[in-house]
Amino acid sequence: MGHSITVTVNGEKKTAEVEPRLLLVHFLREKLRLTGTHIGCDTTHCGACTVLVEGTPVKSCTMLAVQADGQQVTTVEALAAGGTLHPIQAAFKQEHGLQCGFCTPGMMLTSIALLQEKPDPTEDDIRWALSGNICRCTGYMNIVKAVKSAAVQMKTAAATPEAATAAARS
Amino acid sequence: MAVETPLKGNIGDSIRRKEDDRFIRGRGNYLDDIMLPGMLHMAIHRSPFAHARIKSINTEAASAVPGVIAVVTGALLAQHKLAWMPTLSGDTQAVLVTDKVRFQGQEVACVIATDPYVARDAAALIEVDYEVLPAVVSPQNALKPGAPLIRDEKEGQTNNHIYHWEAGDKAKTDEAFSKADRVVKLDTFYPRCHPSPLETCGIVADINSATGHATLYMTSQAPHAHRTLFAIVAGLPEQNIRIISPDIGGGFGNKVPIYPGYVVATAASLLIGKPVKWVEDRSENLISTGFARDFHMSGEMALSNEGRMLGLRVKLLSDNGAFYADAQPTKFKAGLFHIVTGSYDVAAAHVEADGAYTNKAPGGVAYRCSFRVTEASYLIERLVENAAIEMKMDPADIRLKNFIQPDQFPYKSATGFEYDSGNYPKAMQVALDKLGYQELRKEQAEKRKKGELMGIGVASFTEVVGAGPGKQYDIAGLRMFDSAELRVHPTGKAILKLGVKSQGQGHETTFAQIVTEELGIPAADVEVQEGDTDNTPYGLGTYASRSTPVGGAATAMVSRKLREKAKKIAAHLLEASEADIEFDHGKFFVRGSPSKSKTIQDVAFAAYTNLPDGMEAGLEGVTYYDPPNMTYPFGTYLVVVDIDRGTGQVKVRRMVAVDDCGVRINPMVVEGQIHGGLTEGFGIAFMQLITFDEEGNCLGSNFTDYLLPTAWETPRFEMGETVTPSPHHPIGAKGVGESATVGSPAAFVNAVIDAVGHLGITNIDMPVTSDKVWEALNKVGAAE
């Protein structure tokens, strides 16, 4: 029944016996107790369960845990490693990019992937990148602002030595 | 470089939210995050049919699955008198079916298992033998003679009619219509939609079999009221029930009712002696929990030739689904729909409402709305638009001509409301100026000559929010007051405990700001706690935009109560007479010598260390606030659309939103609330639809079918404001969480009608989808 998998989650190797049908999101939430990754829809629409697999945003409710075997997974819990907020976290707070907070981890992880690909995104780039993540509270206005603001912060930071650490973390 | 002084958090300061620190780190604590030792999991077997008699239920295969602890059926619950429960509208609702299913997705049986996957596997193995009955899916058909009787178990219920309700003065309205120069009519359907907070509903029921204490973690917008209802329904002693409503991932009315799953999980935990968790999946949320609207409305407006509104007549038919479970004050069968005269001075109005049972999910929750105010606002604003078209008047002008004028407040409406304050012409002017209305009208005229379709939608809504007063407004008999308990500790730091419960509105920040304003304690030093019935004072909860009007008022009043005591202590410390002590932003001083002062922190310390003789120690208090009236937020929304004649696609080019919610506690939070409300209004106007086929199958049972706005299609909003304080609220605030969902759907639809009205198209019901627009254009020969 069980399959042994080893997944590197937030930099730590985690080995577990899992049922082949176990969803990655349940592996993270139930087995590893990383409850920052949320479940909103079960059908890959809402993006609340978004995590980064090898740096790519993936909806963890539509991926099996066994498919993540041998891969690197990043969840929201890793973003403020060392106690310093990631620029995207600081920007979401500063720009009031969240209300109930349920979509926020997924939104931030998708945004980080966008900013790695496009450090200087247009508003349309941001809205398109986030169109797989639903927010019922904010109307997206301040989320877009937050991503723009984080882009500026990350570019400024890239010009300083501490930047390397921040970039490495994400 | 100038150093910015950090904001203390007074009213008007856009300080950043305290609650965000945990949410951005993934350290919120939502219902599904709660995992207790030995916790079991529940899954529900639901009906595939909308109307069917149950001949038998076979649970053998389900029970045999390894890991299954119990299978619960209606028959088992009936033994404990729990097969039926009361609804918030005084009706009854089946917890688990004992006779027949009455809507698709109804709860038939539950499996309790050691693992959530196993619970679902076993639930799928429950075999139910159904005798399918004809389904009734519209209220019109439900009320036809000979329609299948849905509530045959109810004594004396011989048809599907639920209620008849009237407001206003019929004779006076008839007279106004007899004198009218013109009558404008509109039949429109506000379709069923669903609030769909991103987090679904759920419970972890933990009943300690040794002590009998029940700890119920629930996604509840109204934990105190729910505790009382649990005590009554389940017969548990109320002092043994503790409801904890943890962080809530959005509510919008969906988390106001008590759902069957809560009751079964609680009963299961009681019977098994272990914690039981039940969390809905998205389909369960969409097909079985509180929907909204589903109102068929027929409006008539009597006008003079000059465009003055003389009277308003409305007939309503509501589709309440299988159980009348609207969440609303008991005296009002169609909620507060009778606010339907809106922002206008209309001398006579009459509303008649009827409700019908259908084979559809029950609910009728106020989705981001104060009890049917959304439907009312939509109808009046659509009627005014059509009146403008028929009378060839500008939609802004006809509104300006009919607005209740600023000097008419307090204004007694034809249906019995007393509007507290307003300046409608001003809000409209700010909106028109911000949009550049006249220029756009010119552009529209030019485009029209070329055959291009462009529309400018206007909606000037007025809401009624913040129920009580308790004498008129109650839910299940519980008066709609609310409460605040404030305790200032010796070091001057405070804890504020509230009867309301945030679902994302930012209470931990904004309610702290009220204390800051009133007592001078920085918001950072005020911890706000909510949602735990053991540790917060009794309140009716957060919905109908009532937290700021009622809970916020309670917070201001309890702060003032403490200030009075603090003043006495300050007088003692300053060796002066209390009459000579003045207070200003956290400092007490002797009149005339401001240098001789004590801070609120000094006074707080003294409250525990150096009191005047005979004074009780401590600096704390509690206030239960029963508002003297409701509050009436208002505003004007303007929308510009362009319509493609070839596809019917509506493109929202601009949206200007001017809101007046009285005094703004934290403008950043207020704007965030409006952004979110506008987006939901946009979704309702163009996308969000729950509908059913003739057999009662729900079409809209997942996010593939039930479309929610994403960042891509959501318009950019341009914001404006006016401030007309509420005269009766202690800090002049009115509530804002729902204004934009109430006001904006009409603005969006009016923009579409404004674009096509000259072609003879005067109505397209929501959601205004491309195919409906194209078809309407095609009918008048205007499609390409």
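Helix H16 (residues 600–609) of chain B lies across E27 and E28 of chain B, and its direction runs at about 50 degrees to E28(B). This is a predicted model.

### The three-stranded sheet of chain B

E26, E27 and E28 of chain B form an open sheet, in that order, with antiparallel pairing. E26 and E28 of chain B are the edge strands, and each pairs on one side only. From one strand to the next, the twist averages 35 degrees.

Take the pairs in turn. Strand E26 (residues 581–584) of chain B pairs with strand E27 (residues 587–590) of chain B over four bridges, in the antiparallel sense. Asp584(B) stands opposite Lys587(B) in E27(B). Glu582(B) has Phe589(B) in E27(B) as its bridge partner.

E27(B) is also joined to strand E28 (residues 593–599) of chain B by four bridges, again running antiparallel. Here Lys587(B) has Thr599(B) in E28(B) as its bridge partner.

Helix H15 (residues 547–574) of chain B touches E26, E27 and E28 of chain B, and its direction makes about 125 degrees with that of E26(B).

### The four-stranded sheet of chain B

Chain B has an open sheet of four strands in the order E20-E30-E31-E34, with mixed pairing. Strand E20 (453–462) and strand E34 (718–721) of chain B stand at the edges, each with a single partner strand, so one side of each has no neighbour in the sheet. Neighbouring strands are turned by 15 degrees against each other on average, direction ignored.

E20(B) and strand E30 (residues 634–643) of chain B run antiparallel, joined by ten bridges. In this pair, Leu453(B) stands opposite Ile643(B) in E30(B).

Two helices pack on the sheet. Helix H13 (residues 437–449) of chain B touches E20 and E30 of chain B. Helix H18 (residues 739–756) of chain B touches E20, E30 and strand E31 (650–660) of chain B. The table gives the angles of helices to strands in chain B.

| Helix | Strand | Angle |
|---|---|---|
| H13(B) | E20(B) | about 145 degrees |
| H18(B) | E20(B) | about 150 degrees |
| H15(B) | E26(B) | about 125 degrees |
| H16(B) | E28(B) | about 50 degrees |

### Domains of chain B

Chain B is divided into domain 1 (34–135 + 200–288), domain 2 (160–194 + 294–322 + 329–358 + 380–415), domain 3 (424–463 + 632–784) and domain 4 (474–625). The C-alpha centres of domain 3 and domain 4 of chain B lie 40 Å apart. These two domains touch: 13 residues of domain 3 of chain B are in contact with 15 residues of domain 4 of chain B. By class, the domain 3 side has six nonpolar, five polar and two charged residues.

### Chain A

Chain A has six helices and five strands. Along the sequence, they follow the pattern β-β-α-β-β-β-α-α-α-α-α. The radius of gyration of chain A is 16 Å, close to the 15 Å that the globule rule gives for 170 residues, so chain A is as compact as a globular protein of that length. Its C-alpha trace spans about 50 × 35 × 25 Å along the principal axes.

Of the 170 residues of chain A, 54% count as buried. Among contacts in chain A between residues at least 6 apart in sequence, 60% join residues at least 24 apart.

One helix of chain A can be followed in detail. In helix H2 (residues 87–94) of chain A, the buried residues include Pro87(A), Ile88(A), Gln89(A), Ala91(A) and Phe92(A). Just after H2(A), His96(A) takes a positive phi of about 55 degrees.

### Where the chains meet

How many residues does each chain give to the contact? Chain B gives 40 residues and chain A gives 42 residues. On the chain B side, helix H1 (20–23) and helix H17 (667–686) of chain B are the elements that give two or more residues. H17(B) supplies the largest share, six residues. By class, the chain B side divides into 13 nonpolar, 16 polar and eleven charged residues.

Definitions and conventions:
Residues are numbered from 1 along each chain as its sequence is written. Chains are lettered from A and ligands numbered from 1 in the order in which they are written. This is a predicted model: local features need pLDDT of at least 70, side-chain atom pairs count only at pLDDT 80 or more; totals for chains, interfaces and linings use all residues. A residue is buried if 20 or more other C-beta atoms lie within 10 Å of its own, exposed if 12 or fewer, and partly exposed in between; C-beta atoms are placed from the backbone. Two residues are in contact if their C-beta atoms, placed from the backbone, lie within 7 Å. Ala, Val, Leu, Ile, Met, Phe, Trp, Tyr, Cys and Pro count as nonpolar, Asp, Glu, Lys and Arg as charged, and the others, Gly among them, as polar. Domain bounds come from an automatic or database domain assignment. Two strands pair if DSSP finds at least two bridges between them. Axes are lines fitted to C-alpha atoms, for helices over the stretch in contact, and angles run from 0 to 180 degrees between N-to-C directions. The radius of gyration is taken over C-alpha atoms; the globule rule is 2.2 Å times the number of residues to the power 0.38.
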